[in-house]
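Dear colleague,

Please find the structure below. I would be grateful if you read the notes after it alongside the coordinates.

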Amino acid sequence: MLSRVADSLYWMSRYLERAEHTARLLDVNLNQMLESAQYADLRWERLYRSLRIPALESGADEAYRVTQYLTFDTANSASIVSCLASARENARQVREQISSEMWEQLNRLYLRVKRTSVEAIWHAQPHVFLAGVKDGIQLFQGVTDATMNHSEGWHFIRVGCYMERTSQTATLLDVHFHSLLEIQEPFTNASLDYMSWVGLLRSCAAFEAFCKVYTANIQPERIAEFLLLNAESPRSLRFAATMMQNALQSITKITTVRNAGRVERLAGRLRASLDYDQIDEILGGSMHSYLENIQFQCRQINEALYQVYITYPIDVALTS
Amino acid sequence: MIRSDRSDTSEQPTLPPPFSNYHLDIAYDEMFREGGMARLPYQELYQRLLELSMDTLHQRQQAADVAFLNQGITFTVYGGDEGTERIWPYDLLPRIITSGEWEVIERGLTQRITALNLFLKDIYHEGRILNEGIVPRALVYSCKHYRREMQGLNVPHDTYISIVGSDLIRLPDGAFAVLEDNLRVPSGVSYMLANRQVMKNVFPALFGSYDVRPIDHYGQALLNTLASLAPLMRPDPTIVLLTPGVYNSAYFEHTFLARQMGIELVEGRDLLVHDNIVYMRTTGGLRRVDVIYRRIDDDFLDPLAFRHDSTLGVPGLLNAYRAGNVSLANAIGTGIADDKALYAYVPAIIRYYLGEEAILPNVETYLLTDDSHLHYTLEHLDELVVKAVGESGGYGMLIGPYSTAVQREEFRRAILANPRNYIAQPTLALSRAPCFLDGQIEPRHVDLRPFILNGDRVTIVPGGLTRVALRRGSLIVNSSQGGGSKDTWVLQHE
């Protein structure tokens, strides 16, 4: 497969995962805002940091402006419409490599979002619109699995998806645990506390799955254990690292590249640490530096992937 | 001077519906003889059209349109809104060519391509035809597609032009003539193949009742032609199709052909040259490339050799080509042989290299570097067609009878500023074929572009792209200018 094609498929997938994440996060926060508006500043602050975007000016219409900024603002490269446009552009470059069903689904989703405006969704429930975006992306993933050959290109799509999810979830966990646990004085408002933790789970689409394992008895350690180390939840970091490693192993097997050792080792190390680490040790040390380290490992894997398959130096490729 | 749209109403035969609006004129009619009798090969189609209801035809037309839409068979129109994608209008009714007519076309094009290939070899080597004064030296060296870099270079099997699409028209006497040769990167073959697929789906019975020669093997024939160019010592060559990318008007065709042949569709940035060897960058490492079917013009192929601002090409490609490590189809510099001024010399070129008379005639052409021709042309701008010599796709053209005084003045000035850049031809009555338009069947002007492959031998798939000027009275068949297309049937037997 051409390196350019692999690159496009990988980024198509990352942008879609990013758009879905943004839609879910915005949806959860707008929803919670309805009940405890007095903590708005804290919430928005957390949302900005979770998405790694600069804070907007606070004010009465902040919810409206945040919604506009994260959905339809084409000047914001992290907005839903920008992510979908980037995903579509990547797909367009490799239209012959993906199935027509995939192209049509992505094209339809993009055109629908592009035709909508914040004025139109604000009064008619932003939730309906945001749910539509999530559905559209999940439908695309289903169509991809059902219609595309599960060969090299499909594995690159999976690497992109799980790479993005690992990185987004790690950031989200970092922001929440920092602001909820490391605040000096203990929380006096138990209901706010509870809602914040539920918000974190919902932001990861993992509330129900969590309850199935731990019941609705919400404890920060359990949430950390679930989102970091659970082997079965598709939203946990451990699961994502496992999927990423599997996909990378398949790519190595298909391409028979001889110098793929580095990317294999890096992916294997991330997976192994999440396989065997203990939650009490993680929380006993610094949760922040643990998550920072995961981010660092993701960047390393990403770089190694590009070094081996996509932007490898020519002299290396000629001698290997 | 022939005017095609002035019908002589005095002897107009009246035809039954749905042909009530079908008027014959001086142009050759593909379906009817004088007096309104259907020609022999069209008789069955004619009968069928008399019997079918217009609703049925409408339904079939819609089915055909939907088929094109779903497959995304589109082209891009330049100018106007950024990259507007359009479906190329498809006319439901086939254009029929008898085996006898095809036999002449096939022989004529084979002769023409063979001679033009010899001409290119001669021009880029000793230049005998120039030394003997058959073709003026100045004409060749002033051509903007002449490439000095090709001088003295030997190309594999001396094949300069591997893929050709020549435009034929039918004159009022029924004979085919060559209007243009396209020897650089001719397009349209995907529409020929797609039209046939759609035709077989919407008119299976009619199609089955005619004995039509198949064209589906074009992809394989193209692949074989490209493989025949592989450098020696490369028994299992890697062949790729080089596209300018998604913004090119023929991008659909590039993806279509790559899929038909099962070869990689690459862009310039996927290729690199190291030690005069071309590689493509794959996830499995660098892979050597042996043959490039390039759909990029010479100018953009290699920024080191040609246009420096081109980002579509591959730096170093020309050197790899000169070293014989990679083959290009078509070769660089073939555009001199389809220069519209050089076109006038093709019959002489055929005579010179093959000692034969041209089987397919040329259209009368005025070279404006000749004073008497120039004078005549400027006097008769309102009757002639003027074309810029290096343009294609219907751009840079003046059609005298349909032009305004302002346009004629513009061309007069442009011609006087650079006479070498223009030629003039009489306004010709292209033949007309029946088309299904707005619930009626009416005649429209058509041309024919067969696709010629020149590998170990010349192969022409029996068919071609019949382009239709859908606007009433219009003579311009180009897709960018309101043209459409038809399926073209070459019959097995007379």
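The notes below concern a helix pair, a sheet and a further helix.

This is a predicted model, in which local features need pLDDT of at least 70 and side-chain atom pairs count only at pLDDT 80 or more, while totals for chains, interfaces and linings use all residues. Residues are numbered from 1 along each chain as its sequence is written, with chains lettered from A and ligands numbered from 1 in the order in which they are written.

In chain A, the axes of helix H1 (residues 3–33) and helix H2 (residues 40–50) come within 11 Å and cross at roughly 175°; axes are lines fitted to C-alpha atoms, for helices over the stretch in contact, and angles run from 0 to 180 degrees between N-to-C directions. H1(A) and H2(A) are therefore roughly antiparallel (an angle over 145 degrees). Helices are DSSP runs of H or I with at least four residues, and strands are runs of E with at least two, numbered from the N terminus. Among the residues of H1(A) that meet H2(A) are A:Leu25 and A:Met33 (contact: C-beta atoms, placed from the backbone, within 7 Å).

In chain B, four strands form an open, parallel sheet in the order E8-E7-E12-E13 (strands pair if DSSP finds at least two bridges between them). E8 (264–266) and E13 (327–329) of chain B stand at the edges, each with a single partner strand, so one side of each lacks a neighbour in the sheet. Three bridges join E7(B) (residues 239–242) to E8(B), and B:Leu242 has B:Val266 as its bridge partner. Helix H9 (residues 251–261) of chain B packs on the sheet, touching E7 and E8 of chain B.

Yours sincerely

Terms used:
Angles under 35 degrees count as roughly parallel, over 145 as roughly antiparallel, 65 to 115 as roughly perpendicular and the rest as oblique. Two residues are in contact if their C-beta atoms, placed from the backbone, lie within 7 Å.
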